[in-house]
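Please open the model in a viewer and keep the selection tool at hand. The stops below are given in the order in which they may be selected.

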Amino acid sequence: MSIEVKNVTKIYGEQKALNDVSFEIGGGEIVGFLGPNGAGKSTMMKIITCFIPQTSGIIKVCGYDVTEDPIDVKRNVGYLPEHNPLYLDMYVKEYLDFVGGVYKIDNRRARVKEMVDMVGLGLEQNKKIGALSKGYRQRVGLAQAMIHNPKVLILDEPTTGLDPNQLEEIRNLIKEIGKEKTIMLSTHIMQEVEAICDKTIIVNKGVIVANETTKELQQRNKQGIVVTVEFDKPIDNKQLEKIEGVTKIAQKSETVLVMEIKADNVRNNIFQFAMKHDLTVLTMQKETQSLENVFKSLTK
Ligand code: ADP
Ligand code: MG
């Protein structure tokens with residue numbers, strides 16, 4: 001196991017931020033740590049990376065206990081904290097060299113170059129960090145997390161605040177890195193875990209409410225398939241109810257209807273119905289919101 005968390009509780013003053021949390025993450029997995037703001041994601045990550053102590057419970061990273069062997073834990077773990085704190089006045093390579101020095105790695109110059117190449121900082125490598133866009137700063141954050149070649153990466157909301165292009169680039173980079181390492185990343189974006197995570201752990205108000213493969217989670221609460229259909233002419237609901245396999249219909253406008261269907265192939269019946277009644281299907285769109293609904297129902 002890369003990460004083992006057993007009965008961990010964290011109390012800040014009077015507030016319980018984590019309440020008897022247990023989970024395990026196996027080697028090589030990319031796991032999404034999902035939850036609304038204030039759920040306890042960052043708290044858990046700070047404990048796993050030895051930045052703050054737990055109130056009770058046991059945490060092991062690559063077999064090392066965070067309380068008993070924090071130095072060994074830090075050797076094995078790389079951390080990109082929330083908001084990616086960086087020294088904006090330092091140059092990219094200067095900063096990476098500095099972090100490499102903190103970890104006392106050998107052959108620092110070569111390693112810095114390797115990291116610059118790995119995260120795609122080539123064109124930006126001679127700039128000050130303060131001059132970089134958010135997407136490139138995020139790459140610097142990933143590079144500093146990986147400079148000592150840890151087995152486990154803890155990434156706290158690595159894509160928050162990025163524009164759609166940067167988002168995709170950073171997601172692809174994480175996926176690529178995930179081929180070699182165990183990654184735990186936090187997010188409150190459902191599509192993110194769908195796009196990159198093998199497994200999903202959902203935390204809400206300091207309690208784990210789901211821990212399964214992302215596929216299994218998508219299957220949960222599945223209430224049939226929903227399609228939105230636009231016809232070229234106004235149409236009466238009652239007629240559509242006769243289509244085999246349609247279980248529910250809601251009218252959005254005169255020509256647009258939202259239908260719940262029993263199976264994917266019911267869509268053929270809708271097309272045939274349209275032909276028979278001299279209607280044209282202008283658009284038909286299948287909804288893919290299921291994981292979002294699962295998240296909402298688990299964290300309300
Ligand atoms: P998340 O990362 O999921 O948004 P956090 O772990 O940051 O959640 O916070 C969990 C809860 O603990 C929140 O209610 C937050 O206000 C509280 N909290 C976090 N850090 C501290 C702290 N240093 N002192 C007091 N309360 C804190
Ligand atoms: Mg947080």
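## First stop: leucine 282

Select leucine 282, which touches Glu230, Phe231 and Asp232 when residues up to four places away in sequence are not counted; contact means heavy atoms within 4.5 Å. This is a predicted model, in which local features need pLDDT of at least 70, side-chain atom pairs count only at pLDDT 80 or more, and totals for chains, interfaces and linings use all residues. Residues are numbered from 1 along each chain as its sequence is written, chains are lettered from A and ligands numbered from 1 in the order in which they are written, and side-chain values use heavy atoms, with hydrogens and water left out.

Leucine 282 belongs to strand 14 (residues 281-286). Helices (H or I, at least four residues) and strands (E, at least two) are DSSP runs, numbered from the N terminus. Between leucine 282 and phenylalanine 231 there are 5.5 Å in space, C-alpha to C-alpha, and the two are 51 residues apart in sequence.

## Second stop: ligand 1

Which residues surround ligand 1? Select Tyr12, Gln15, Ala17, Pro36, Asn37, Gly38, Ala39, Gly40, Lys41, Ser42 and Thr43; a residue is near a molecule if one of its heavy atoms lies within 4 Å of it. By class, this shell holds 4 nonpolar, 6 polar and 1 charged residues, where Ala, Val, Leu, Ile, Met, Phe, Trp, Tyr, Cys and Pro count as nonpolar, Asp, Glu, Lys and Arg as charged, and the others, Gly among them, as polar. Strand 2 (15-25) and helix 1 each supply at least two residues of the shell, and helix 1 gives the most, with 3 residues.

Next, display the polar contacts, which are pairs of N or O atoms within 3.5 Å. Glutamine 15 places a polar side-chain atom 2.7 Å from an oxygen atom of ligand 1. For threonine 43, the distance from a polar side-chain atom to an oxygen atom of ligand 1 is 2.5 Å. Glycine 40 takes part through a polar backbone atom, 3.0 Å from an oxygen atom of the ligand. On its own, ligand 1 has 560 Å² of accessible area, of which the protein covers 64%; such areas come from the Shrake-Rupley method with a 1.4 Å probe.

Select ligand 2, the magnesium ion, which is coordinated by Ser42 (OG), Glu82 (OE) and Glu82 (OE) at 2.0 to 2.8 Å. The pair links distant parts of the chain, 40 residues apart: serine 42 is in helix 1 (residues 41-48), and glutamate 82 is in the loop between strand 6 (77-80) and helix 3 (92-102). Donors are N, O and S atoms within 2.8 Å of the metal (3.2 Å for Na, K and Ca); because water is not among the atoms, sites may look incomplete.

Is each of the two residues buried or exposed? Serine 42 is buried, at 15% relative accessible area, whereas glutamate 82 is partly exposed, at 28%. Buried means under 20% relative accessible area, exposed over 50%, and partly exposed in between (1.4 Å probe, protein chains only).

Move to threonine 187 in strand 8 (residues 182-187). Threonine 187 is buried, with a relative accessible area of 1%. Leaving aside residues up to four places away in sequence, threonine 187 touches Phe33, Leu34, Gly35, Lys41, Glu157, Glu192 and Val193.

Finally, select lysine 104, in the loop between helix 3 and helix 4 (108-118). Lysine 104 has a positive phi, near 55°, and is not a glycine; at 72% relative accessibility it counts as exposed. Asparagine 107 is found in the loop between helix 3 and helix 4, has a positive phi of about 50° and counts as exposed at 58%. Most residues other than glycine have a negative phi.

Methods
Polar contact = N/O pair within 3.5 Å; in protein donor to acceptor, adjacent residues only side chain to side chain.
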